[in-house]
Amino acid sequence: MSRRLGLPFLLAILVWPLAAESKFEFWPGASYDPRIPTYGKVLGYQPGERITWHAGLMKYLEALAGATRQVKIFEYAKSWEGRKLVYAAVGSEANLKRLEEIRAGMQKLADPRRTPEAEARKLMATLPAVIWLAYGVHGNEISSPEAALLTAYHLLAARKDKMVDDILANVLVLIVPTQNPDGRDRFVHHFEQSEGLEPDAQPVAAEHVEPWPGGRSNHYLFDLNRDWFALTQPEILGQAKALQEWFPLVYVDLHEMGADSTYYFAPEAIPYNPHLTQEQTKSLEWFGRNNARWFDQFGFDYFTREVFDAFYPGYGASWPAYHGSIAMTYEQASTRGLIVRRSDESMLLFRDTVRHHLVASLSSCETAARNREKLLDQFYRYRKTAIEEGARENIREYILPRQGNTSAVDKLAALLGEQGIEIKRAAAAFRNAGREYPAGSYVISLAQPAKRLIRNLLDLQVPMEEKFVKEQERLRRKKLPDEIYDVTAWSLPLSFNLEAVPSAEISQGNFQAVKPERIPPGKVNGKATVAYLAPWGTQAAGRLLAAALRKELHILSADKPFTQESRTYPAGTLIFKVKDNLPGLPETLEKLAGATGAEIQATGSGWVDEGVNFGSRYVVRVRKPAVALAWDRPTSSTSAGWTRFVLERQFEYPVTAIRGQLLGTADLSRFQALILPEASGEGYSQAFGANGTRRLKDWVAAGGTLIGLGNAVSYLADPKVNLLAVQQEELPRPETKAKKPETEGARVPGKLLASEDEYSKAIQAETELPDRVLGVMAKARLDPDHWMTAGLGETVTAMVSGRSIFTPIKLDKGVNAAVFLGPDKLLASGYLWEENRKQLAYKPLLIVQREGRGLVIGFTADPNFRAYMDGMNLLFINAVLRGPAHTRTGGVGESDY
Ligand SMILES: [Zn+2]
């Protein structure tokens, strides 16, 4: 890129005093083989002088691979924007020659059932320690990808260096230069656009402050470092598969944090996930100590054991641990540019941040080299003890009954299979512990090497250490921030709204080992003379609806269940009448069923044994809605991204993303549905302005369907906006009964505080929002009579976080289509403050209100959270695709119930 910069810019670099210093050494005293190409030779600048585009990183890596036999590049995925995701194997020539043997050796070592101790010992004597260094998962954390390439260069080019010789003799280094190339290039593009005469150290300078959505996330604005067990994004799915080929003994994920910080490495902060082994947490210290030794020698500041915990299993630095790796996060203070001034007036230079990551990378490889055999032995024993525990503990199997939302069951099984969990499928019905399971159900034995991953993902609860929880309660009482870094619940059966049955018994019957597909093909049963019916209630039916709308088929949907030929069709069931559609209907449906996984039943009669007929007033015509989604400021980029991803990539339905600045003036009459994702602060009130809000209300009154997610409901409920007749709640204060100060001004009547308790009460704020809910899974019951809940069961599980609790809507204003259960039943998983639990009880999760001819729908918790709350999918699809069919614009569908 520097070639495109003009002479003035190059001059600026030259006069920039810090860059003009003569030789800056990344590893002082190192002597390099001149045959190995340098940064300068390939890219035209020194490391740390520019922020390298993804194409530049690839170019340099390929130049290294072209110059030596000690590098091999593997492509493991493509990003959404088509950029290559690769890892490079870097090692001794001997190891590069036997890559396949090493990979196969690790596969053997990973399965102690196939590899007895004696054979394992032989492998341990010959295998190198495979270490996986992953850089740049957050695209705006710019130093680590540069350090990735320097690490490779140093390992290949440093001569007469004992540390490097040790590493090459004992370690195979696998390097992912950037895990998030789309985010990386988004950052570099912003940075280069914002540059001026010289690199600007002012933290407020445009080059340090990214426009929405920033480079942290990938194309669909996901935080890839939360996606590891959900595997929704190609960048992580590809890497998870590659890890299962190599089973690296060590996994390091290299990040950046705020400019005022220093450098962070293991050991990690508490709470530790209880499924990590003691050996794993202990060996973190080997790495920490060796890093500390080098950092001390070079005079770099660092810290350990604060902030970054390993509790959530969806981080890059935690998921690999449940296959037996030592997994760690490193964090470097960021320049978010080439130089930045810190609060203490010191200057932080980009090249120094690169250097710190380089030193930590090499130091970690050195630790792996010194502990090669120990690490191999620990890995083997990790896998072995996992199997033993699974055979011994009270949960011997998890069973996924294939019933209800069968597409969710299949997808969950596929998702577990993709992350290295062995799964069997029942060829026939079977019994376990007195319960009968249908054919097709999945059985997961715990006696397998991935046992700890299984428990982590399928158990309803993964508890935090008691000591840690107590401390959080203490901090909260003092209104000090808690130390909980991410969500406290992630149980996959709950997020899929499915049952996973733990059993102490081993199932007997006819089972086959399978690798399920996420979307197994569906089919059309029979040839219809009257209609084709697609039972609602599965994600496959939702995908079918989306696809059929895009094909402009004539679609009806029943708002009440019916029974035909002794089969019950749930509310929401799609009806494709032969007479209303074109002659090619059967072939079209056949294709759509194949692609979406939906099951479609042909019928020769409109007669039903029970429930509504196809011509009933409870059967609505579903037309193709044009769907708009608020985008850019003020929306939360993650919420907007998740929502767009769920609609576009999980249901294959296109949306029009409208930037916040146009929301108030855009011609909304072109759209039938508008989604407002979560937003920051006064967000939508400001984005729409008073005029825009009035236009929005007119659009709803004329028949639009407006859907607010999470805290966007605050905007809809704002009395000045008045689109949803609910109120956001403050923290209840039962004891403050009209305690307005009796005197105005500085003095108040004296009041005796007789105990600690009274003191505590006296220092509470008069009014405040509830404490932040810590990312828990909470159960809500569904109103079975409302069309919004069609196809779902009695309850649904939502991911609740933040401080948005709302009053229920009154019966004359609307319907609470989903309401959280009572205080003793609502918490399904996670850690919930006592006050939250009491206050959340019986409060609405989903509110539907008629407004003129249109609809306002509020989800008080984001249904698309990280796109892994699959159990919420159908509610959301009911709102977006079936909602517009229930406005009063089409003549049919007047019924609310
Ligand atoms: Zn990061």
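Y39 and Y60 are both buried, where buried means under 20% relative accessible area, exposed over 50%, and partly exposed in between (1.4 Å probe, protein chains only). The structure is a predicted model, in which local features need pLDDT of at least 70 and side-chain atom pairs count only at pLDDT 80 or more, while totals for chains, interfaces and linings use all residues. Residues are numbered from 1 along each chain as its sequence is written, and side-chain values use heavy atoms, with hydrogens and water left out.

**Aromatic contacts**

- Rings of Phe, Tyr and Trp (its six-membered ring) pair if their centres lie within 6.5 Å; planes under 30 degrees apart count as stacked, over 60 as edge-to-face and the rest as tilted.
- By this rule, the count is 47 aromatic pairs.
- Y39 and Y60 form an edge-to-face pair, 5.0 Å centre to centre and with 65° between the planes.
- This pair links distant parts of the chain, since Y39 is in helix α3 (residues 39-43) and Y60 is in helix α4 (residues 54-67), 21 residues apart.
- Helices (H or I, at least four residues) and strands (E, at least two) are DSSP runs, numbered from the N terminus.
- One aromatic cluster is formed by W27, Y263, F265, W294, F295, F298, F300, Y302 and Y330.

**Charges over rings**

- A charge sits over a ring if NZ of Lys or CZ of Arg is within 6 Å of the ring centre and within 35 degrees of the ring normal.
- K374 has its charged end over the ring of W286, 4.5 Å from the centre of that ring.
- R644 lies over the face of W631, at 4.9 Å from the ring centre.

**Salt bridges**

- The whole structure holds 62 salt bridges, each being a side-chain nitrogen of Lys or Arg within 4 Å of a carboxyl oxygen of Asp or Glu.
- The side chains of D182 and R83 form a salt bridge (2.8 Å, N to O).
- D182 lies in helix α10 (residues 181-194) and R83 in the loop between β1 (71-78) and β2 (84-90), so the pair ties together parts that are 99 residues apart in sequence.
- D182 is buried, at 1% relative accessible area, whereas R83 is partly exposed at 21%.
- K761 and D757 also form a salt bridge (3.7 Å, N to O); they are 4 residues apart in helix α25 (residues 756-762), about one helical turn.
- A network of salt bridges links E117, R121, E279, D377, R381, K384 and E388.

**An open sheet**

- An open sheet of 3 strands has the order β23-β22-β26, with antiparallel pairing.
- Its edge strands, β23 (567-569) and β26 (610-611), each pair on one side only.
- Two strands pair if DSSP finds at least two bridges between them; strand β22 (residues 562-564) and β23 are joined over 3 bridges.
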